[in-house]
Amino acid sequence: MNQLNRFIIAATAALAMTSAHADKRIERTIDCSDKPLVHVINAIGDIEVVGKNTDTCRLDAWVSERVQRIDIKERGDRIKIEVIYDKDYKRGGGTTLELVVPKDIDLKVGGVSSSVEVVDVNGSLSLQSVSGDVEATSSSPKIYATTTSGDVEIYGEGQDGKFQLSSTSGSVEADGLAGYLTASAVSGGVEVSDSNISYGRFEVVSGSIEATDAFSPNSDVEAEAVSGSIEVTLNAGFAGTIDVTTLTGRIKNCFGPKPQKTSRYGPGRTLSFEHGDKGDGRLTASSINGSVYLCLDD
Amino acid sequence: MLLTMSATQGNQRQPVTGETDTIARAAKGDTRAYEQLYRAYSGRVYALCLRMTANQQAAEDATQDAFIQAWRKLGSFRGDSAFSSWLHRIAVNVVLSDMRRSKREIAGLSEMPAAEAESGDSDAHLPDIEQAIAGLPARARHVFVLVGVYGYTHEQAAKTMDIAVGTCKAHLHRARQMLADQLDESYGRN
Amino acid sequence: MDETNDMMARAAALPSEIAPPRDLWPGIESALETQKNDRWQWRVAASVIATSALIGILLLPPKEDKSPGLAYIPTQVPTLDAQLVRHMPFDDSYILDYREALAALDDQLAALPEGTREVVVANLKIVRASIADINQAIDNDPGNVQLRQLLQLAYRQEMAIISMVRDSVTNAEQIRTSI
């Protein structure tokens, strides 16, 4: 505890609110020049973070009457901005946070009933919400984004990196990413486009998986669905092994051999073949009760 | 290409009395209830599919696929939006997925030049904007139908079509120019 | 410009409905019936087996032994009876983890937004139905490797759902400590 306190360097801005003032605006400017990580926590209300060419972090907050204070703490190499609510927070509204940060900073955001939107922050991103959408437009090489009941949308600029995206009842969309991508959803769909993914793992239960113009030539792709369909368009230069299986769905491919029945006695179709010139690419696509559509990019 | 369009004038859709109940019964597997929903909404879905595909056969297939997919997904319809909107989204996705799947085959039909789309009409015939839309290239047509006919915002259309907002705007601009040119020609102005 | 605006106005005023040139319902109905029949046949087979298993369980004397099993029946989550795992050789530690995860799931579900909770339960049911389908298929073709891989997929997805629920609740709890 004492050790922690030692690291609380500058402003612990305890901004006490009187309960009589709803939606009061608070503005703070913090020197972020030697702090590579900003951590934002706001349980209720939207969080928007924009990266700019600046050394300072600028906070604009519209706080509800149930907010006790906003803590701004510097600990070690990070700044933590946290909205502290009254115990009876459920009776009041939330807090909207708008934050401008240096664009290369690492960012961690946590919300519960919160939509999270991040624009042009290009350090590593860890974005979490429970009820709310999570959206980022960024060239960050490392993005972790998850929500329970909301959509996850990540728009990259073609950067190579590692991206982990998930939603339970919403959909997951990734555009403009390269490298390693895992994306999962339960009832929503997973859509990947305009990307150059070399390793992709996609999982859904009842949602569908759609990946078009998404892969590098020797990509390693695994796509799994329970009742949803899978549509994968591989890179035209794909060379490697393709394995597709379904229990009750259809398999349609616009190249290569036709699917076979897995069994004389029951349902089940499979399609396995090598495509291209002895490459080490791999596609494994399985949907238990959904169909699988396979094609090559033009 | 001359598309046969017998438009339903005004709002002649037979309302489904107790629609929530009908949807609930259909979700439990009652195909009679689902047929009521089909009768009520097939005109809307077919209109959308026909405008998006510009091909009667493809529109019929897409309409059927949309209702089949909607049947599978009925259990997940939570009533957050109107049933018609939910069905509309499914139909749009069916058409776009079909187009992506059989790109070459459909492109042959949809990339037909505007002049050809109007063939069959006499010069004196007042240009039908439906025919002009059908003659647009596929992407431009999709954007125009979603934004111009169905009132999507660019953001909504871009998201639906999996394209950037800027690309969406460019397609709409192109579509409007092409339509304006076609209408100019048809009116004998230039 | 006026012509363009006029054209946009005309586009927006186009009729919302166009009657299909033929009745498309018979084709749709036929597809629905096929789906229903397929599902029905598998479900009947699965339920016959599940009922037999239930009768068997009821006839057995109660066991004092607390060894891990799959009999826990949460209030919202569909149970996984022994028949459904007959083709999946789980080890005891997995079953123990699985049982613990299921036991915690009801409380965790209660902490989720209502719509999400319904989605999770509905999808767990979908997974269970798929597990039943695959088990039936394996009964008819025990040596089929692909079917066994699909069965693994189904269990993996079920655990993925359970993990997602657990993680969301844990995340929310961590963030709520600031309240």
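How many helices and strands does chain C have? Chain C has five helices and one strand, where helices (H or I, at least four residues) and strands (E, at least two) are DSSP runs numbered from the N terminus. From the N terminus on, these elements follow the order α-β-α-α-α-α.

The model is predicted: local features need pLDDT of at least 70, side-chain atom pairs count only at pLDDT 80 or more, and totals for chains, interfaces and linings use all residues. Residues are numbered from 1 along each chain as its sequence is written, while chains are lettered from A and ligands numbered from 1 in the order in which they are written.

**Chains B and C**

The secondary structure of chain B comprises 10 helices and one strand, in the order β-α-α-α-α-α-α-α-α-α-α from the N terminus. A residue is buried if 20 or more other C-beta atoms lie within 10 Å of its own, exposed if 12 or fewer, and partly exposed in between, with C-beta atoms placed from the backbone.

| Chain | Length | Buried |
|---|---|---|
| Chain B | 190 residues | 40% of residues |
| Chain C | 179 residues | 27% of residues |

Two residues are in contact if their C-beta atoms, placed from the backbone, lie within 7 Å. In chain B, 61% of the contacts with a separation of 6 or more join residues 24 or more positions apart. For chain C, 77% of the contacts between residues at least 6 apart in sequence join residues at least 24 apart.

**A helix pair in chain B**

Two packed helices are described by the angle between their axes and the distance between the axes. The axes of helix 1 (residues 19-27) of chain B and helix 2 (residues 31-53) of chain B come within 7 Å and cross at roughly 130 degrees. Axes are lines fitted to C-alpha atoms, for helices over the stretch in contact, and angles run from 0 to 180 degrees between N-to-C directions. Helix 1 and helix 2 of chain B are therefore oblique to each other; angles under 35 degrees count as roughly parallel, over 145 as roughly antiparallel, 65 to 115 as roughly perpendicular and the rest as oblique. On the helix 1 side of chain B, B:T22, B:I23, B:R25 and B:A26 meet B:A33, B:Y34, B:Q36 and B:L37 of helix 2. This contact has five nonpolar, two polar and one charged residues. Ala, Val, Leu, Ile, Met, Phe, Trp, Tyr, Cys and Pro count as nonpolar, Asp, Glu, Lys and Arg as charged, and the others, Gly among them, as polar.

**Interfaces of chain A**

Contacts link 41 residues of chain A to 34 residues of chain C. Strand 6 of chain A gives the largest share of the side that touches chain C, four residues. That side of chain A divides into 15 nonpolar, 22 polar and four charged residues.

Nine residues of chain A are in contact with six residues of chain B. Strand 15 (190-193) and strand 25 (292-296) of chain A each give two or more residues to this side. A:C295 lies in strand 25 of chain A and counts as partly exposed because it has 18 C-beta neighbours inside 10 Å.

**Nonpolar cores**

A nonpolar core is a set of buried Ala, Val, Leu, Ile, Met, Phe, Trp, Tyr and Cys residues joined through C-beta atoms within 7 Å. In the largest, which has 102 residues, A:V101 and C:I134 touch the most other members. Leaving aside residues up to four places away in sequence, C:I134 touches A:L247, A:I288, C:L147, C:L150, C:L151 and C:A154. A second, separate core of 57 residues includes B:L48, B:C49, B:M178 and B:L179.
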